Amino acid sequence: MIDLKSTPHSLIENFSLMKGLLSTYGPDSFQVLREQAFRSFSEFGLPTTKDEEFKYLSLKALEDGRFAPAYGATIDRYQVEQTAVGQVDAITVTFVNGEYAPELSSAHLLPKGVFIGSIRDGLAAHEGSIVRHLGEIATLKGKLGTTNDERFVYLNTAYLTDGAFVYLPKGVSLELPVHILYLTSADHGPLVSFPRTLIVLEENSDAKVLETYLGIEGVYFTNAVTEVFLGESAILEHTRFQDEQIESVHIGVNAVHQGADSIYTSNNVTFGARIARNDVNVWLDGEHTETWLNGASVGFGHQAIDNHTRIDHAKPNCNSFEVYKTILGDHALGVFNGKIFVYEDAQKTDAKQTNKAILLSPTATINTKPQLEIFADDVKCTHGATIGQLREESLFYLQSRGIPKPEAQGLLVYAFAAEVLEKITIPTVRDILEKALFEKLKESQKLPDQDGE
Amino acid sequence: MLEIKNLHARVEDKEILRGIDLSVKAGETHAIMGPNGSGKSTLASVIAGKSGYEVTSGSVELNGLDLLEMEPAERAAAGVFLAFQYPVEIPGVTNTYFLRAALNNIRRSRGEHELSMSDFMKHIKSKVLLMDMENSLLSRSVNEGFSGGEKKRNEIFQMAVLEPSLAVLDETDSGLDIDALKVVANGVNALRSPDRAIVVVTHYQRLLNYIVPDYVHILMDGRIVKSGGKELAFELEEKGYGFVEEELASKA
């Protein structure tokens, strides 16, 4: 670990600066959470590559950086509309540098009992639910694993201020998707923000949520934590799109608690940041759940993209399916670690995990580690990892139709990741992300024109 | 149109084609029949430029152009189309995007202007009707989740869109039930024209009931051992490939 107590570090120093301000926000229980989390973070410090969970990801940029506490920036609606996700038709909740931006959010008539907005505004009617779940879902306490590392959850919680809150009462099905948009613009020097999202879907409710992290300008550190609670038979399609500025650091933890018979789909799309780390942790707390984890990451230059997933099969008869794909060019570094824990009770677990990577240059690297720990005896668990080139027969097929080899290769690279985006069932979101993927690849790949589509 | 002379080709150390001579004129339809392992699919692959085959001697020309010197995409631009025996699934690329990229590349290399999205859509809608296909298929990924019959139908649809001068159909009948076979054959027949040549590679005579060839060639052991009119296909169907072997043996 990097000891942050002996040498002054902005991530520690900011706390005493902000303590007073933070304490005015939220109920007393928030202050308890903050204090505990700050103590834990100060104690453990920042991870280094000697720590198992960060073995391949150097966080030197964080260690060396000085990040001022985030403050609002001026971003107007036009600027937002010009971004990749600016045209998504959804109930939108926007934050700028961690601060709720009602002028960039949309007002909709919502079904009775539904809340979609900031945590701060949500506290009025839903304090009980917020206090019950916040911090309870992201914890790894009492869960299997010998290398559990919660430092970036501690850090986020230590600076707990605002974030998005989505609440669906029993039996409500939301027709429009929800878009939670976190914009960062560090136009006055490096800053750090701590977006916190809580999504609670009570029994039999059903929603689609797009959670976007988009960089507008500058060097910054986004430390995000999202907690998702799915009651019995609840259904959530949760697409997370991250396209931060190229010199920024993004470390996000997405923790999910699934009740019996619930269905959770995560589509995790990562394009941005100098260092991008995503943890998706799913705790299966009831029987007959279904979990789909889909991931697509694309990195060029000196980008590092680290995806860690863990699924805790704590109850019997649950199914999980996971497909993570990574495209890396130039000197980019990729990491995939997929943990599946099958607890002693979790008989009849069916877990499938696949991860695939395409390396477009000899200097790009990927480190892949499926990690299955199984303590039940009647289970089906499979995993497969491939790192490779494009399939020769697909390449020939495209060429035989008149598409020259470089374009055919580009098309297949695009298709490799686009296959993951096809899992998104909100058509506008799928189209927008396909376009974003296309643009991301266009610089390096010779892709056929797509205009008019 | 297509002139193949003394073509020898091998895969690794195994010689598969051992001296093929074939001349196909514009407007003609030729069937190449032969037992498994006779080299039919190899011939189709060599014409289209699939890697893994080494041509050791001979030539393949299309309208005077040396195909063997060209990349597969250049051959397509020159007018070659191969309908695959096993069409490849390309998840993540829609049929529309794929075909527009293909057609515009071909048009560009011929010095023709690219088709705008709306002109392109007009062009393919008529072909969709021709092949009796669902419109929704256009926005689906190339061949992904298609049944065997749908894949073959999609091959002929692509051929209709790209309008090649030489179409080589590699075992297009395999895996098709009779209804699908008729749709595919109708599609091919609709594309027969005085300035287009079609080479049908098949093991069975069945397809030739619907796509009636002008000439039939029997390929055995890497050589064309017998050529004739469409009646040769019926003779084969009746007597099996054994009769050709016997005939050859008696001549030897």
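How much space lies in the second largest pocket? About 460 Å³ lies there, in a predicted model where local features need pLDDT of at least 70, side-chain atom pairs count only at pLDDT 80 or more, and totals for chains, interfaces and linings use all residues. Residues are numbered from 1 along each chain as written, chains are lettered from A, and side-chain values use heavy atoms, without hydrogens and water.

**Second largest pocket**
- A pocket is an open set of points on a 1 Å grid where a 1.4 Å probe fits, with protein on both sides within 12 Å along at least five of seven lines; lining residues have an atom within 4 Å of a point.
- Of its 22 lining residues, K325(A), K356(A), R391(A), F416(A) and E419(A) are the closest to the centre.
- Helix 8 of chain A gives the most to the lining, with five residues; helices are DSSP runs (H or I) of at least four residues.
- The lining has eleven nonpolar, five polar and six charged residues, with Asp, Glu, Lys and Arg counted as charged.
- Domain 1 (10–388) and domain 2 (391–453) of chain A both contribute to the lining, so the pocket lies between them.

**Helix 1 and helix 2 of chain A**
- Helix 1 (residues 10–23) and helix 2 (residues 28–44) of chain A pack at about 175°, with axes 12 Å apart.
- Helix 1 of chain A is therefore roughly antiparallel to helix 2 of chain A (angles over 145 degrees, on a scale from 0 to 180).
- The contact (heavy atoms within 4.5 Å) includes F15(A) of helix 1 and F38(A) of helix 2.
- Its residues divide into six nonpolar, three polar and three charged.

Definitions and conventions: Grid points are joined across faces, edges and corners, and a volume is the space filled by probe spheres set on the points. Helices (H or I, at least four residues) and strands (E, at least two) are DSSP runs, numbered from the N terminus. Domain bounds come from an automatic or database domain assignment. Angles under 35 degrees count as roughly parallel, over 145 as roughly antiparallel, 65 to 115 as roughly perpendicular and the rest as oblique.
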